[in-house]
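Here are my notes for someone opening this entry for the first time. Please keep the structure in view while reading.

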Amino acid sequence: MLKEIVEKGHYCFVEKVDSWQDAIRQSYAPLLKDNTVENKYVEAVIECVNKYGPYIVIVPGIAMPHSTEGAAGCNGTAVSFMKVEEEVDFDPEDPDKKAKLFFSLAAIDHEQHIQNIQSLMDTLMNEDIVEALMNAKTKGDLEKIANQYE
């Protein structure tokens, strides 16, 4: 999964963001750039978090922004990666709802979407990979992690 993210240019590194909404928007920037998603899809993701709470923070430190499969403005199936140096707080009352790593999903194909989620979960179960990603600062760092672990 990480190799594909690097090959497709679906990654970005950010120092800090102004809000969790801004973090979601920036995390989708690589997918907006190649038209995998449109702005209305990104805004739908933000609306889902507003409606259902910070369910996208799957474990402390890691967020997986997504909307419903086949949502309007989604033109492809892909995953993008974003690392934010300054932790993003999704719920000031819950210390476990902060994230530095964002794996933003887009899906029109159900099978590929499920495969992407499974692959992502397999990747995130490896504490060494997560630690390396937490320390990554450049494309070169991301490539090194992808080559080392995949």
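Predicted model: local features only at pLDDT ≥ 70, side-chain atom pairs only at ≥ 80, totals over all residues.

1. Start with glutamate 43. Glutamate 43 is partly exposed, at a relative accessible area of 35%. Its partner is arginine 25: the two side chains form a salt bridge, with N to O at 2.8 Å.

2. Next, lysine 83 and glutamate 85. Their side chains meet in a salt bridge of 2.9 Å, N to O. Is lysine 83 buried or exposed? Lysine 83 is buried, with a relative accessible area of 1%. Glutamate 85 is partly exposed, at 23%.

3. This pair does not stand alone. Lys83 and Glu85 belong to a network of salt bridges that also takes in Lys137.

4. Now look at helix 7 (residues 139-149). Lysine 139 and glutamate 143 are 4 residues apart there, so about one helical turn separates them. Their side chains form a salt bridge, N to O 3.8 Å. The cut-off is 4 Å, so this pair qualifies. Both ends are partly exposed: glutamate 143 has a relative accessible area of 32%, and lysine 139 has 39%.

5. How many salt bridges does the count come to? The total is 6. As background, side chains of opposite charge can pair when their charged atoms come close. The protein chain carries 14 positive and 27 negative charges. The mean positions of the two sets lie 4 Å apart.

6. On the fold: the protein chain has 7 helices and 5 strands. From the N terminus, the order is α-β-α-α-α-β-β-β-β-α-α-α.

7. On overall dimensions: the radius of gyration is 14 Å. A compact globule of 150 residues would have one near 15 Å, so the chain agrees with that expectation. The C-alpha trace spans about 35 × 35 × 25 Å along its principal axes.

8. Among contacts with a separation of 6 or more, 69% join residues 24 or more positions apart. The chain exposes about 7,600 Å², and carbon and sulfur atoms supply 46% of that area.

Definitions and conventions. Residues numbered from 1 in each chain as written. Heavy atoms only, no water. Buried < 20%, exposed > 50% of the residue type's maximum accessible area, 1.4 Å probe, protein only. Helix = DSSP H or I, 4+ residues; strand = E, 2+ residues; numbered from the N terminus. Rg over C-alpha atoms; globule rule 2.2 N^0.38 Å. Contact = heavy atoms within 4.5 Å. Areas by Shrake-Rupley, 256 points an atom, 1.4 Å probe, with all protein chains shown as cover. Lys, Arg positive; Asp, Glu negative; His and termini not counted. Charge placed at Lys NZ, Arg CZ, Asp CG, Glu CD.
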